[in-house]
Amino acid sequence: MPDFTPNTHTWSRLKAALSVACEDADLSDAEKVYAECGQQHPLLWEECILPHRMKRCVKIGEGTFGEVFSTVNTSGDTVALKIIPVEGSEIVNGEDQKTFGEILHEIIISKELSSLKEKQQNQTHSFIGLRDLHCVRGCYPPDFLNAWDRFDQQKGSENDRPDFFENDQLFIILEFEFGGIDLENSNGTMASLVVAKSILHQVTAALAVAEEELQFEHRDLHWGNVLVKTTKLKTWSFLLNGVTHSVETKGVLVRIIDYSLSRLAIDDLTVSCDISKDEELFMGQGDYQFDIYRLMRQENGNNWSNFHPHTNVLWLHYLCSKLLSMKYRGPGGRGAKDTREELTRFYDNVLQYSSATEALKNCPMFQ
Ligand SMILES: Nc1ncnc2c1ncn2[C@@H]1O[C@H](COP(=O)(O)OP(=O)(O)O)[C@@H](O)[C@H]1O
Ligand SMILES: [Mg+2]
């Protein structure tokens with residue numbers, strides 16, 4: 001549960017820090033969400049997503065709290081719509097629906113990280129771009145249900161078919177740039193370990209930039225939350241404390257997503273999620289991912305509001321092990337053996353660094 005449901009006072013300070021005008025200081029959580037969406041009240045589905053955009057939707061992913069569909073926006077760009085039911089009493093995928101207060105957590109963090117592409121001192125494009133935000137009311141549109149069924153037939157869904165929502169059900173739609181394919185679904189499709197090394201470099205750089213600007217910890221950076229897409233760009237730049245650096249892309253760009261457990265601070269205001277009592281999260285077995293939740297808890301003593309950037313390093317360690325165990329299309333040419341050795345050395349040494357920033361500055365692989 002997010003332990004930050006901004007009260008009126010912190011909300012207006014946060015708004016000031018976010019340099020967004022806050023005209024009415026006395027807002028309910030619902031009104032705060034509507035304000036974020038630029039709405040006065042929930043709209044109808046078809047007012048937010050025009051019929052021809054609905055028809056073109058394809059389900060591309062799912063999580064416990066949301067379904068994700070791709071479609072095109074008004075400029076013709078492909079976008080990803082993350083659709084999350086809120087405030088209802090119906091159980092969805094075995095869980096209570098999020099409240100407006102809880103969804104504000106994901107909205108604020110998505111906005112902040114998306115805005116890192118415009119910052120003067122610490123700048124990165126590697127966090128997914130948030131394009132638009134809506135709050136709608138109504139049962140699930142048939143076009144989305146059709147897309148849901150096609151995904152279920154082709155890939156199998158772990159979620160409940162979202163056909164049981166009533167007319168008064170509320171949803172938040174986060175409209176993101178299309179970020180590519182997540183690493184879990186990229187297994188076997190990427191060219192070589194040389195690409196894996198660039199991915200790790202791009203993720204480390206993004207985390208370092210966000211640590212410096214926002215005291216950010218992702219806290220859930222498993223391979224479903226790292227997207228990759230192909231690019232013709234040879235290099236990719238970022239700014240760390242006012243200094244420009246660049247990474248060789250090796251033909252791929254990374255986008256980091258899914259901030260449901262993330263933590264950041266703006267001035268002295270912390271936005272975090274208190275998972276101290278979420279027993280299930282700490283009981284997982286069978287993948288190094290599940291150890292990471294326990295390791296994070298060991299390091300922060302189960303206090304999830306403070307800044308412990310070493311959790312980002314734990315996730316880099318995990319990602320390196322995943323990238324080393326994935327399948328690649330080709331051997332990766334002459335450099336492949338050297339690259340495997342480099343990544344193995346990274347795996348053996350990265351835990352000594354206190355943060356992604358320290359790892360970026362000191363790991364021989366990134367120099
Ligand atoms: N912007 C995006 N571009 C492409 N695919 C996405 C995007 N956002 C989410 N996805 C896909 O949807 C899946 C679930 O989205 P995510 O935000 O991780 O939801 P959850 O919080 O429920 O895990 C991701 O693993 C990914 O496959
Ligand atoms: Mg996810």
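## The R255–E177 contact

The side chains of R255 and E177 meet in a polar contact of 3.0 Å. A polar contact is a pair of N or O atoms within 3.5 Å; within protein, one must be able to donate a hydrogen and the other to accept it, and residues adjacent in sequence count only if both atoms are side-chain atoms. The model is predicted, so local features need pLDDT of at least 70 and side-chain atom pairs pLDDT 80 or more, while totals for chains, interfaces and linings use all residues. Residues are numbered from 1 along each chain as its sequence is written, chains are lettered from A and ligands numbered from 1 in the order written, and side-chain values use heavy atoms, without hydrogens and water.

R255 sits in strand β11 (residues 252-256). Strands (E, at least two residues) and helices (H or I, at least four) are DSSP runs, numbered from the N terminus. R255 is buried, at 6% relative accessibility. Buried means under 20% relative accessible area, exposed over 50%, and partly exposed in between (1.4 Å probe, protein chains only). Beyond its neighbours within four places in sequence, R255 is in contact with H125, S126, F127, I128, E177, G179, N225, V226, L227, K229 and W236. Contact means heavy atoms within 4.5 Å.

The magnesium ion (ligand 2) is coordinated by N225 (OD1) and D258 (OD), at 2.1 to 2.3 Å. N225 lies in the loop between α7 (193-214) and β8 (226-230), and D258 in the loop between β11 and β12 (264-266), so the pair ties together parts that are 33 residues apart in sequence. Donors are N, O and S atoms within 2.8 Å of the metal (3.2 Å for Na, K and Ca); water is not among the atoms, so sites may look incomplete.

The relative accessible area is 4% for N225 and 19% for D258.

## Two glycines in loops

G138 is found in the loop between β5 (130-137) and α6 (142-155). G138 is buried, with a relative accessible area of 8%. Neighbours within four places aside, G138 is in contact with W45, E166, N167, Q169 and F171. L316 is 178 residues from G138 along the chain, and their C-alpha atoms are separated by 41 Å.

G94 lies in the loop between β4 (78-86) and α5. G94 is exposed, at 63% relative accessible area. Its C-alpha atom is 8.8 Å from that of N159, a residue 65 places away along the chain.

Helix α2 covers residues 29-37, with A30, K32, V33, Y34, E36 and C37 buried. Just after α2, G38 takes a positive phi of about 65 degrees.

I108 belongs to helix α5 (residues 100-114). I108 is buried, at 2% relative accessibility.

## Cavities

The count is 3 cavities of 30 Å³ or more. On a 1 Å grid over the protein atoms alone, a cavity is a set of points where a 1.4 Å probe fits but cannot get out; lining residues have an atom within 4 Å of a point. The largest cavity has a volume of about 80 Å³, the space filled by probe spheres set on the points, which are joined across faces, edges and corners.

The largest cavity is lined by 15 residues, with E67, P85, V92, N93 and P162 nearest its centre. By class, the lining has 9 nonpolar, 4 polar and 2 charged residues. Ala, Val, Leu, Ile, Met, Phe, Trp, Tyr, Cys and Pro count as nonpolar, Asp, Glu, Lys and Arg as charged, and the others, Gly among them, as polar.

Key. 1 Å grid on protein atoms, 1.4 Å probe; cavity = no way out; pocket = protein on both sides within 12 Å on 5 of 7 lines; lining within 4 Å.
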